[in-house]
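Biologist: Please take a close look at one part of this model for me. I would like the contact between the domains, and then its surroundings.

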Amino acid sequence: MTSFLGKILHVDLTARTVTEKTVPPEVYEAVLAGKGLEAWYLYNNIPAGADPLGPENILGFAAGALCGTGAFLTGRWTVACKSPLTGGWGDANCGGLFAPAIKQCGWDAIFFSGVADGPVYFFSDGKTTELRDASDYWGLDATEAEKALHAALEPVCRKKPCVACIGPAGEKLSLISGICNEGGRIAARSGVGAVMGSKRLKAVVLAGSHPLPCHDPEAVKALSKELGRKLLKMTLPSGLGVFIGAGGRMMGHLPYLPLDGSLTAYMFREWGTQANTSLAITSGDGPIKNWGGTPRDVRRMDAVYNPEHINKIETAKYHCYSCPLGCGGKLNIRGRRYAEYDETHKPEYETIEAFGPLLMNWSLDSIFQLNELLNRAGMDTISAGNTVAWAIECYENGILTKEQTDGLELNWGNTEAILTLVRRMVAREGFGDALADGVKRASETYGGKEYAMHIGGQEPGMHDARNDPQLGVHFVAEPAPGKHTVGMGIEYGAMSLCDICSWAPPATLHPKSEDLEDTERLALITKANACYTMLVDGAGGCYYGQMMGVHMWKLVEYLNAAEGWDYDGDHYMEIGARIQTLRQLFNIRQGIDPASITLPRRMQGDPPLPSGPLKGVRLKNREQVSSHWRAFGWDDRTGVPLPETVEALGIPALTEVAQ
Amino acid sequence: MTKKQPVFDYLHCVSCGICAQACPVSALGMKKEGKSGKYRNLFPELVSSGCIGCGQCARACPMEVIRMEASQA
């Protein structure tokens, strides 16, 4: 017995049919489940040139291999499709309870093709599986829709349903919209919400209760118990958050990056991802003033975004399924300035950075409101923040006029104007309509392309490649470009991948300046990072488990115990390479030219910043990306996987079994 | 008649929610307010009278902090 159910469901929304399909065991051996299974299915079933918002596109929801086995930090569900934002591979993932709910209905993944003739939602409790009319829910925000579906279905379901749905942003086909669950958690990237909206699929509702298989549950539980006991003891004294900004200032000027995976556990357990905000502001990690500013532009802003301010209004921690860490939280925001809601999920670092320093916005209260507004709308805060930043810089430089912005004075840090603009983006009203499709489209309409920060069409996550050149490689080389959750230098240092992989270079204290050079060592590091991330995504693991390092979160041991395998780390890293290569092949088939994807000039250090921790930094990103491709066995000029690499990874055989 | 119900050792519970999701009838919910060390947190508890005593929650718990004990029904 393995953890795989061996079955997937394909729902044709046009024909209103559901078809259960068997997946051969060799597919799971090759790509695991989660994103790997989706890469295999989408590569083999979405034709070249498919309209991302048309019936040929396929939207997949998948749980990972380890979900439901007792392994900790394996509650991520991944949604994948052809992205309407980039025209290539698109994916996003999220936590909450939805991942086990997929498997508890009896499938490793559910795929949707076609377009329904009216609003529908998909329902399954593992016995009854059907499409239902969603007219009553269309138009509701994601949290309202989830509550309404619970109210209607809980009385008639044996098990409480789990809901993943779109909000108004997805319904209105915003290309920066995502898919939500658990009252505002969101799989935000790649425009996956617009694909769901284009299919008129409001929600996927799952209420199954199938037991979930595992080869050796006791061995898996033993690994989890060891980690859980460690985490229970990992507590920081209260009040330390006030020092994080100073720590960032020091890190910014240190010649080395620290190496310790347990930092992730301590910091995320104490504050969640928002622990990073004040550190990012002072260290050079976080973008300021549309990626053109420096810490000097936001002196003392680290005090505004001191994570202790947020901890004070946290009513309880929020854990995703199978997570002992609990980086999330529920905040009481009743009565705070700008608040239209009583409660919000604790804003992630990415959201705070995108609507704080990036826009020179000094109001933490406005970020609570924006967080809840965008989570309910189902709009990606990273993309939305980057797009608003472009609009402000265009307005400040006379490219946009007050008439064009419908009367808004879009100056840096104008909190009221930012709030109004975001509301209009969600509603697709006036000027907001143009911004609802992201910064690339907006700049094509209005100009100011030099201020439009996107990579291959997608707005980058809130970490600066000038601070971490390895991140710059992943921003460009990742088949879903612009994502920040593939690899970074600081994380490589913490993960100790060299202890599971024979070809991964040792993580050593080394001068940051070495990462500015194009070296074989750096290419192997970025390859190792990408392979391990794909492996984690196939397992359904959490990026923060990954960041704890292989000695705390023991992925190889977990997989061997759950599947009854006895593979070493090199074997598993090859699975990661296979998933990444399948995604790149998907892009090539869809006409993406990887060599045309570049970092925005500003992020390459052109021109270099005049002051601060990133003063004078220029990247050799193009050369480093070429070396990264070469390390993967892809053409180093074009980024196309070489035939011998594709053959060696067994991809032709995987295509044959898909037929 | 007697039936078995879950009893929790909250001191060693990590709030991972695996037990609640394993419950086939959603009789468990992550609703009980408490503390994990200094952190305010939510813990599992019976939220309905529908517990069927199947023990899936206890079997699923990686921390082994759930015991099934007889209770008067």
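Modeller: What follows starts at the domain contact and then moves to the core, a helix and the chain contact.

The model is predicted. Chain A is divided into three parts: domain 1 spans 7–206, domain 2 spans 231–451 and domain 3 spans 469–658. Take the first pair. The C-alpha centres of domain 1 and domain 2 of chain A lie 27 Å apart. On the domain 1 side, 33 residues are in contact with 24 residues of domain 2. Several elements of chain A give two or more residues to that domain 1 side. The helices are α3 (98–104), α4 (142–153) and α5 (168–171). The strands are β10 (179–181) and β11 (185–187). The most comes from α5(A), with three residues. By class, this side of domain 1 has 17 nonpolar, twelve polar and four charged residues.

Now the core. The largest nonpolar core has 242 residues. Helix α21 (residues 520–539) of chain A supplies the largest share of this core, eleven residues. A:I102 and A:A203 have the most contacts inside the core. Leaving aside residues up to four places away in sequence, A:I102 touches A:F61, A:A62, A:A63, A:W77, A:W107, A:A109, A:I110 and A:L206.

Next, helix α23 of chain A, residues 555–563. Its buried residues are A:L555, A:Y558, A:L559, A:A561, A:A562 and A:E563. What covers these buried residues of α23(A) includes α7 (217–233), α21 and α24 (569–589) of chain A. Just after α23(A) comes A:G564, with a positive phi of about 75 degrees.

Helix α7 leads on to the chain contact. That contact takes 25 residues from chain A and 20 residues from chain B. On the chain A side, α7 and β13 (314–318) are the elements that give two or more residues. Helix α7(A) gives the most, with six residues. By class, the chain A side has nine nonpolar, ten polar and six charged residues.

At the domain contact, α5(A) gives the most to the domain 1 side that touches domain 2.

Definitions and conventions: Residues are numbered from 1 along each chain as its sequence is written. Chains are lettered from A and ligands numbered from 1 in the order in which they are written. This is a predicted model: local features need pLDDT of at least 70, side-chain atom pairs count only at pLDDT 80 or more; totals for chains, interfaces and linings use all residues. A nonpolar core is a set of buried Ala, Val, Leu, Ile, Met, Phe, Trp, Tyr and Cys residues joined through C-beta atoms within 7 Å. A residue is buried if 20 or more other C-beta atoms lie within 10 Å of its own, exposed if 12 or fewer, and partly exposed in between; C-beta atoms are placed from the backbone. Helices (H or I, at least four residues) and strands (E, at least two) are DSSP runs, numbered from the N terminus. Two residues are in contact if their C-beta atoms, placed from the backbone, lie within 7 Å. Domain bounds come from an automatic or database domain assignment. Ala, Val, Leu, Ile, Met, Phe, Trp, Tyr, Cys and Pro count as nonpolar, Asp, Glu, Lys and Arg as charged, and the others, Gly among them, as polar.
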